[in-house]
Amino acid sequence: MINARQEANRSVRVVQRLALRYDADTSAQVGTGWIRAGSALARFGKRLIMVQDDALWLGWWAESGKLYAQALPTTEGGARLVDDKRRKPDFEAAVVLGERLFVLGSGALPSRERIAVLDLDGAARLVDAPDLYAALRGEPRLAGRQLNLEGALLDGQRLVLYSRGNAAALSDDDGFDGSVELDAEAFERYLDGAGPVPAIGRLEQYRLGEIDSVRLTLTDVALRHGKRHYVAAAEASPDAIADGQVLGTSLGVLDDDPRYTLIQAEDGAALRDKVEGLLPGATDDEWLAITDPDDASRPAELLTLRCA
């Protein structure tokens, strides 16, 4: 078990936030005026991709600064905005492998066992991956009581997937976050129908601190200068399906000295927005993050975090 310590002499604060609203034309195309439930970020070509967990749409910034929408293939019924938690795709992790973007469902329910595959030219497909998710779910050192993939990164040739052990009912024995390493090329071959489910590689388990007896659990990961960083939220929810009150968030690093810092809002108070996506920012002391308001009537926000 890897335990993260809280850093006392470091600060992380929100210095900018931007509501992710579409213009009128894109709003009419998508059927809503904004990105609803931000869950992951990725740089793909010249685009900043924004994933949402309840929609078969990706948002993306162009170099011009306009927010566009990329449609993903629909399933039965044809709806791309999904309000039913039991049916939503629950896309929670995104990773670029070569010239393709992979957006992964959490695996917490059968409806969440799909992976979107996008090419740089905009071509997109959805792959049902029950065998892969069954293999991940069958590894208790990763999934604990319930699989809930929330982050993915590429570290060399290793695709590292992270599962969030977020449930108030979890005991000390099964209350952890986990990670598993897969061979990235084997993962791609499997999704292309050209190979078996990739073999389970190195597994790790984490405890990332707590706020008022609610565990900080991992919501996304990013690689920067060869180090694995993460964001986490202390969300008082009963399981991986239901939402809960967020008591605070953290930004941390998983290296030889795992550690984290609680994130502050602009006024210095604890940040209680559920931060889900993470990407390195323009400078070494900045990060980009996306929020999930857990409320379809409110837009997700793109945050700039600054470390000091």
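This is a predicted model: local features need pLDDT of at least 70, side-chain atom pairs count only at pLDDT 80 or more; totals for chains, interfaces and linings use all residues.
**Entry 1**

**Entry 2**

I then wanted the strand order. Four strands form an open sheet, and they come in the order β8-β9-β10-β11 with antiparallel pairing. At the edges I noted β8 (91-97) and β11 (124-128), each of which pairs on one side only. From one strand to the next, the twist averages 20°.

A reminder to myself: strands of a sheet pair through backbone hydrogen bonds, either parallel or antiparallel.

I zoomed in on one pair here. Strand β9 (residues 100-105) is joined to strand β10 (residues 114-119) by five bridges, and the two run antiparallel. As a landmark I picked Phe102, which stands opposite Val117 in β10.

**Entry 1: strand β23**

Is strand β23 (residues 301-307) largely enclosed or largely open? I checked its residues and found six of the seven buried, so the strand is largely enclosed by the rest of the structure. For that step, I counted a residue as buried when its relative accessible area was under 20%.

I looked for its partners next. Strand β3 (residues 12-19) runs antiparallel to β23, and seven bridges join them. Here Arg13 stands opposite Arg306 in β23. Strand β22 (residues 286-291) also pairs with β23 in the antiparallel sense, over five bridges. In this pairing I found Trp287, whose bridge partner in β23 is Leu305.

**Entry 2: an arginine in a loop**

My last stop was Arg164, in the loop between β13 (158-163) and β14 (177-183). Is Arg164 buried or exposed? I found it buried, with a relative accessible area of 4%.

Which residue's side chain makes a polar contact with the side chain of Arg164? I traced that contact to Thr217, at 2.8 Å. Leaving aside residues up to four places away in sequence, Arg164 also touches Leu218 and Thr219, among others.

Key: Residues are numbered from 1 along each chain as its sequence is written. Side-chain values use heavy atoms; hydrogens and water are left out. Buried means under 20% relative accessible area, exposed over 50%, partly exposed in between (1.4 Å probe, protein chains only). Two strands pair if DSSP finds at least two bridges between them. A polar contact is a pair of N or O atoms within 3.5 Å; within protein, one must be able to donate a hydrogen and the other to accept it, and residues adjacent in sequence count only if both atoms are side-chain atoms. Contact means heavy atoms within 4.5 Å. Axes are lines fitted to C-alpha atoms, for helices over the stretch in contact, and angles run from 0 to 180 degrees between N-to-C directions.
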